[in-house]
Amino acid sequence: MKNYNSMKYDIIGDIHGHVEPLTQLLHKLGYELKNGYYQHPEGRKVIFVGDFIDRGPHIRETLQLVKAMTDNGAAEAIMGNHEYNAICFHLKDKERGGHLRNHNFKNILQHEETIKQFHLHEKEWHSWIDWFIQLPLFIERENFRAVHACWDDKLIHHLRQHSKTGVLSKKFIYSAQEYGTPNYEAVERTLKGKEEKLANGITFKDKDGTIRTEARTKWWKTGNDCTFDEYIFGDIEELNGKKIPPGTFKDNIGYPDNHSPVFFGHYWLKGEPALQSDNVVCLDYSIAKGGKLVAYRYNGESVLKFESLIF
Ligand SMILES: [Mn+2]
């Protein structure tokens, strides 16, 4: 058994098939390609926070690079919502027919690049589905945590009751399809983040012009004593600068200051990489929309440092 406490990690955000920026970042972090996989001369290890597939030009190569590292103990990988969606797109719905994730235009479009790139490698693709299924939804070590989108103690606890390691069984995946059930909530929130109803019947139009009553929130904040745009993802013009009425999100505890640092991706952030707080950092800076691939060089500290963001 390795002594994880002494291990040093480089946590890397969402890749979405962009293997070239990935190899550049690995070189920048001091990893070298030897014996077929990237490894660090000092034995550092990468943690990938998921979303390997869809959108980018080199999905197959990304998966091969990541798996070669995990197979050789040079990395660990977590499941992202795109891998979860791929699993559900693939698994048959035994009761209703079709698949767990509907093959409608919207879902096909989101998955399009992957389908195209595996068009002549369908058998291989099936083995990637098996690989996705064995990826854990979270990693917790003595001094840090990593997850694709959201670390909520209650939901992680729920997942852990089913699987200590955070790896979902197929049976659990089937059970998590039922909208609104605890299993559904735990998987959705952990992989896709939190959506909350807006206060006092406030609505806004999303980028497709649909009227929305719920917004994706910055789960590590409490939503108290701040404006809507400080608490909600996306630029919602009609809410910018408006103060959230006191008590709106009274049940939210945010991510407590005294918890170990948490690393995640998922949110398509724009601009210059920055920490969310002393113990919270999102590493997704939209590589698939012309942004950056970002890593955090973690040496066990409990207070994160801006200088440790590498991009
Ligand atoms: Mn994601």
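This is a predicted model: local features need pLDDT of at least 70, side-chain atom pairs count only at pLDDT 80 or more; totals for chains, interfaces and linings use all residues.
Which ring does the charged end of Lys218 sit over? Residues are numbered from 1 along each chain as its sequence is written, and side-chain values use heavy atoms, leaving out hydrogens and water.

Back to Lys218: its charged end sits over the ring of Phe233, 5.6 Å from the centre. That wording requires NZ of Lys or CZ of Arg within 6 Å of the ring centre and within 35 degrees of the ring normal. Lys94 does this too, with its charged end over the ring of Tyr174, 4.3 Å from the centre.

Now for rings with rings. The whole structure holds 22 aromatic pairs; rings of Phe, Tyr and Trp (its six-membered ring) pair if their centres lie within 6.5 Å, and planes under 30 degrees apart are stacked, over 60 edge-to-face, the rest tilted. One of them is Phe52 with Trp131, a tilted pair at 6.1 Å centre to centre and 55° between the planes. Phe52 is in the loop between strand S4 (45-48) and H2, while Trp131 is in helix H5, so this pair ties together parts 79 residues apart in sequence. (Helices are DSSP runs of H or I, at least four residues; strands are runs of E, at least two; both are numbered from the N terminus.)

Lastly, Trp219 and Trp220 form an edge-to-face pair, 5.4 Å centre to centre with 90° between the planes.
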